[in-house]
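Here are some notes to read alongside the model. I hope the points are handy as you look it over.

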Amino acid sequence: MEDYLNTKGRIFDIQRYSIHDGNGIRTIVFLKGCVLRCRWCCNPESQKFEIETMMVQGEPKVIGEDVTVKEVMETVEKDRTYYRRTGGGLTLSGGESLCQPEFAAALLRAASEAGISTAMESMGCADYKVIEGLLPYLDQYLLDIKHMNPAKHKAFTGRSNELMLENAMKIAKSGMTELSIRVPVIPGFNDTNEEIRDIAEYTKRLGSVKRLHLLPYHRLGQDKYEGLGREYLMGNIEPPSNETMEMLLKTAKLASGIECQIGG
């Protein structure tokens, strides 16, 4: 067995039969650890690299498990038939996969060498050399761009956005992977025509983006904050209406000139 298959990493979930986060039917591996603290994060249990205990339906649940690439691939391989039929495969998510670069690269390499399509959902918040190490094994990069204003980005996520925007341009110019841009649409943060237009115009400047996704805010992760003994910082903010999402979709299409969709 090749050494890289023994690479260890920390995950908190594996979700099979997903139709989101990449083409076709996917197996999503959720890696623990993130550099951002987005107020709306629906996976707060992903943020800390440390193994945690979260109350789930009144019962304590351990969040986080150390596994090898080989162990993860045993689960991923089970659905090869579905990948072949639908163009699906493995997706890395989190957290931020780039926080565990060796493990992420080894997972993508293992899937790629097994003939399984690969994708990664990521904020691109790492040194570009880290990203460069993953690109040879990555078929789809699902890159988040949340806002174009550095100060507002920092106020709502804990980090400024310059590095992520620079990396987006470098990934696009590399031509090594299919690039899609994903925008979480968050009321009070980036749900105006102007803010979405700014992101869409930047997407156009990237030059090689296949698709732009607008992902409407939802409250599905709210109970997890209580389970972790943390405050949910979005308060009583409601998800954007269908009318708002359709309006923003129209804006994104006009400004980017590429295929745009709600969700996915």
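Where is glycine 95 found?

1. Glycine 95 sits in the loop between strand 6 (89-93) and helix 3 (101-113). A cis peptide bond joins glycine 94 and glycine 95, with omega about 10 degrees. Helices (H or I, at least four residues) and strands (E, at least two) are DSSP runs, numbered from the N terminus.

2. A word on provenance: this is a predicted model, in which local features need pLDDT of at least 70, side-chain atom pairs count only at pLDDT 80 or more, and totals for chains, interfaces and linings use all residues. Residues are numbered from 1 along each chain as its sequence is written, and side-chain values use heavy atoms, with hydrogens and water left out.

3. Two backbone spots deserve a look. Tyrosine 17, in strand 1 (residues 8-18), has a positive phi of about 60 degrees although it is not a glycine. Aspartate 21 also has a positive phi of about 60 degrees without being a glycine, and is found in the loop between strand 1 and strand 2 (26-31). Buried or partly exposed? Tyrosine 17 is partly exposed, with a relative accessible area of 48%, while aspartate 21 counts as buried at 13%. Here buried means under 20% relative accessible area, exposed over 50%, and partly exposed in between (1.4 Å probe, protein chains only).

4. On the whole fold, the secondary structure comes to nine helices and 11 strands. The radius of gyration is 18 Å, close to the 18 Å that the globule rule gives for 264 residues, so the protein is as compact as a globular protein of that length. That radius is taken over C-alpha atoms, and the rule is 2.2 Å times the number of residues to the power 0.38. Along its principal axes, the C-alpha trace spans about 55 × 45 × 35 Å.

5. Now the interior: buried residues make up 52% of the 264 residues. The largest nonpolar core has 55 residues, and Leu92, Tyr141 and Leu214 have the most contacts inside it. Helix 3 gives the most to this core, with eight residues. Apart from it lies another core, of 15 residues, among them Leu36, Trp40, Cys41 and Tyr217. Such a core is a set of buried Ala, Val, Leu, Ile, Met, Phe, Trp, Tyr and Cys residues joined through side-chain atoms within 4.5 Å.

6. Leaving aside neighbours within four places in sequence, leucine 214 is in contact (heavy atoms within 4.5 Å) with residues including Val183, Ile196, Met245 and Ile262.
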